[in-house]
Amino acid sequence: MKTKLHVLSLQNKAKQKSCDPLFFRLSIDADKKKLNQLLDEVHDVEVFDEILGQVEEFVKSQNPKNVFSKNELTELAIKHIAKTPYEEYGVWVYYPWLNKLVHLLDEKEFVTVRTNRNQYKITPQEAALLSTKKVGIIGLSVGQSIALTIAMERTCGELRIADFDILELSNLNRIRTGIPNLGIGKTIVVAREIAEIDPFLKVICFHDGITEDNIDYFISAGGKLNVLVDVCDDLTVKILCRQKAKGYGVPVLMDTSDKGMIDVERFDLEPNRPIFHGLIDHLDVSKIKEAKTNEEKVPYLLPMVGIETISSRLKASMMEIAQTITTWPQLASSVVLGGGLGADVCRRILLDQFHDSGRYFVDAEELIADKTKENTLQSDINLNPSISNEEMVNQILNFNSTEIEGQLDLSKETIADIVNAATRAPSGANGQGWKWKYDNKNLYLFYDRIYLSSVLDCNCTTSIVGLGSATENLVLKAHSMNLEVLTEHPPIDIDSILIAVFKFFDKPNEKISSRLEPHVCDELESEIFNRFTNRSIGPRVKIERKKLEDLRTLAQTIPGADLIIIDDEKKLDRIMEITAKMDQYRIMHPKGHQDFRLEIQWTPEQVQQNRFGIDLINTVDLTLSEKVGWHIASQWPVVNLLNKWDLGNGLGRIQRKCIAGASAVGIITMPKFSQNDFYQGGRALERLWLGATKEKISVHPASISTLMFNTFEFGNKEIFPPKMREEIEKMRNEFYDIFSIDLNVGVVLFLRFCIAKDPKGKSIRFPIEYVLSFGK
């Protein structure tokens, strides 16, 4: 049974499409009859008759030199009305949606009085010209503010407004209207508000929005538009309206309600100008209609909004879409500012006072801001290697390695081949913190501190893992050349520069046979140049447990080393959340963020120039929207906002995807947390990785979590803020519990094992001549 409230609601909805006021000039008999009929049929009509005050204003506007008393002004107003019956003067305007009848000056006098305060910012001649102009607005969230401002200024004589959507409660943070309008079409709401400001201004509504079927009519019917304002969300319509506007020679204006950005494309003056300033020329715009998901829309959306120029708060908010919010935010202050700016630019285009195309910003936060700037934190990453030839020579002299009987003096070509293989080893962030020098039959390995991260490289252990891996490759390569290798090690500690000395022999020497590198897994040498980090992400594929155990056996060939493997799905889910949170914390830590920003090579040009770090384009499996997210996350002001808001869960998204697609994960452990142990751990890492490569198993050190745990446990935990420190301790304890290890164990790296497609490319290395030198 329908309630009385329900019936009344249905009756009200029937009236919701009304947006045209009715005019009654009582000096015309037919109008008088119609008004009387309306008053008979419609009950409780509210009548507002302030015509005398309006006439007083008109009289005053026509006599600017005179100062009238209130009584004098009233007498002049009555005289102005003269013999016309009071009720017949002007026009009566009925607003059906308000059920209100208002007595107004007729159009000419009404416009004169209503726009009187425009002069001479808009001259009478300019006002007359503007009254002949036509403006079209597509999209009535931001567009509502522009439409109302244009109407208030009377910037044009005709407004065409288009939007298919209805007003929703969430619109009311930026659309100036009342809650009784909820559920009503936005075109109707805007047309009504304009009519309540100026019932004589011509407004044409396109209630179904803009489509391919009506865009030509919108632009050209009844006379071509003079300016088209695009503030809609539909990418197809944004492109379509520009294509059509360009064909008709109509300028296009766009407001983004962020940083006061106004975009202008003068197709009227530049008929060959590419749409969106040529920023989407590389895209096939005919396929935009096929873009359904955010991922498919991103290539078109980014140049439209200008990802590099949007505000930090909007960028930070974009990181939270599909995490804590559903879409990007807009503020009333920005929308109202855009309304003013949009109307101003429209007026100046219409008056031939502004002619350029481009993007323009009126950023209140930049223009009205504190003079003090935030301190910029410096990264620990040293992009200029620190070790000099003089230091290497001093280290050689201090170590004083003696020649051994039968030791070979290898050619430069042979040494270069051996070192080339060694440099194909993995290193933290592809830091390649090694330098090599061949002198007096000895090949010296030095630690070049190109990568020092206080967050991820506790006491240089992460870097030293890479030196251990390089050593393993060197030995395997030498063995493949029928060379025996004797390795000498000074004690390795946090201050070490010289890491190892290698001596070569062509056959075993009985006196030193026990000191030579054993031939444990020489068959793996063939995989040195095939090995790479595979960050590709795909579905989880089960790997035979025996193959995983074989990798553990390879790791265990290094004394003290172990590989603890987990492929249980429930445990993997727990590990996924822990490691994703740690990835998030790394980026949200000031020093960690600086390291992240500098270790990523963001463009192909950076990759070729620096030959260092992680190649974002070719070695990281990201969707386009995820790459955009990384670019946004590289900006500390954006991440710092997420810190302040206690948000940022999306920063762990990629790690979640990585573990969700992992067949198994594992940690390489050594008995102790020490530089010597991690050097040996690096050798174990390379052995198992080469073994995995041989079995077509992909390996990815997704180790942010364990490296931060090392810093927390064995380094300076005070570098982490108190709240983060508390969370890290909880996650570390849970992580270690899953792997059933003690806190004092040296966790070298955390690895992801999977079956995945090959990446587009491999990390490139420094040229051999950059890392290898020869003595006299």
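Visitor: Does Cys 241 count as buried or exposed?
Guide: This is a predicted model, in which local features need pLDDT of at least 70 and side-chain atom pairs count only at pLDDT 80 or more, while totals for chains, interfaces and linings use all residues. Residues are numbered from 1 along each chain as its sequence is written, and side-chain values use heavy atoms, with hydrogens and water left out. Buried means under 20% relative accessible area, exposed means over 50%, and partly exposed lies in between, with a 1.4 Å probe and protein chains only. Because its relative accessibility is 0%, Cys 241 counts as buried.

Visitor: How much confidence does the predictor place in the protein chain, as a mean pLDDT?
Guide: pLDDT is the predictor's confidence in each residue, on a scale from 0 to 100. Over residues 377-383 the pLDDT stays under 50, whereas 96% of the residues in the chain reach 70 or more. The mean for the protein chain is 93.

Visitor: How many disulfides does the structure hold?
Guide: A disulfide is taken here as a pair of cysteine sulfur atoms within 2.5 Å. The sulfur of Cys 241 has its closest cysteine sulfur in Cys 232, at 6.0 Å, and is therefore too far away for a bond. Cys 19, which is buried at a relative accessible area of 8%, has its closest cysteine sulfur in Cys 205, and the 4.2 Å between them is also too far for a bond. The number of disulfides in the structure is zero.

Visitor: In which helix does Arg 242 lie?
Guide: Helices (H or I, at least four residues) and strands (E, at least two) are DSSP runs, numbered from the N terminus. Arg 242 is buried, because its relative accessibility is 0%. Contact means heavy atoms within 4.5 Å, and beyond its neighbours within four places in sequence Arg 242 is in contact with residues including Asp 230, Glu 265 and Phe 276. The helix that holds Arg 242, running over residues 235-248, is α10.

Visitor: What is the relative accessibility of Lys 244?
Guide: Lys 244 has its place in helix α10, and leaving aside neighbours within four places in sequence, it is in contact with Ile 215, Asp 216 and Ile 219. Lys 244 and Asp 216 are 28 residues apart in sequence, yet their C-alpha atoms are 7.3 Å apart in space. Lys 244 counts as partly exposed, because its relative accessibility is 27%.

Visitor: Which residue makes a side-chain polar contact of 2.7 Å with Arg 266?
Guide: Arg 266 lies in the loop between β10 (261-265) and α11 (294-305), and it is buried because its relative accessible area is 2%. Its C-alpha atom is separated by 5.5 Å from that of Ser 357, although the two are 91 residues apart along the chain. A polar contact is a pair of N or O atoms within 3.5 Å; within protein, one must be able to donate a hydrogen and the other to accept it, and residues adjacent in sequence count only if both atoms are side-chain atoms. The partner of Arg 266 in this contact is Asp 268.

Visitor: Which strand holds Glu 158?
Guide: Glu 158 is buried, because its relative accessible area is 7%, and its side chain makes a polar contact of 2.6 Å with the side chain of Arg 160. Beyond neighbours within four places in sequence, the residues in contact with Glu 158 include Lys 133, Leu 201 and Ile 204. The strand in question, covering residues 158-162, is β6.

Visitor: How many residues are in the largest nonpolar core?
Guide: A nonpolar core is a set of buried Ala, Val, Leu, Ile, Met, Phe, Trp, Tyr and Cys residues joined through side-chain atoms within 4.5 Å. In the largest one, the residues that touch the most other members include Val 665, Phe 735 and Phe 753. Apart from it lies another core of 38 residues, among them Leu 140 and Ile 349. The number of residues in the largest core is 64.
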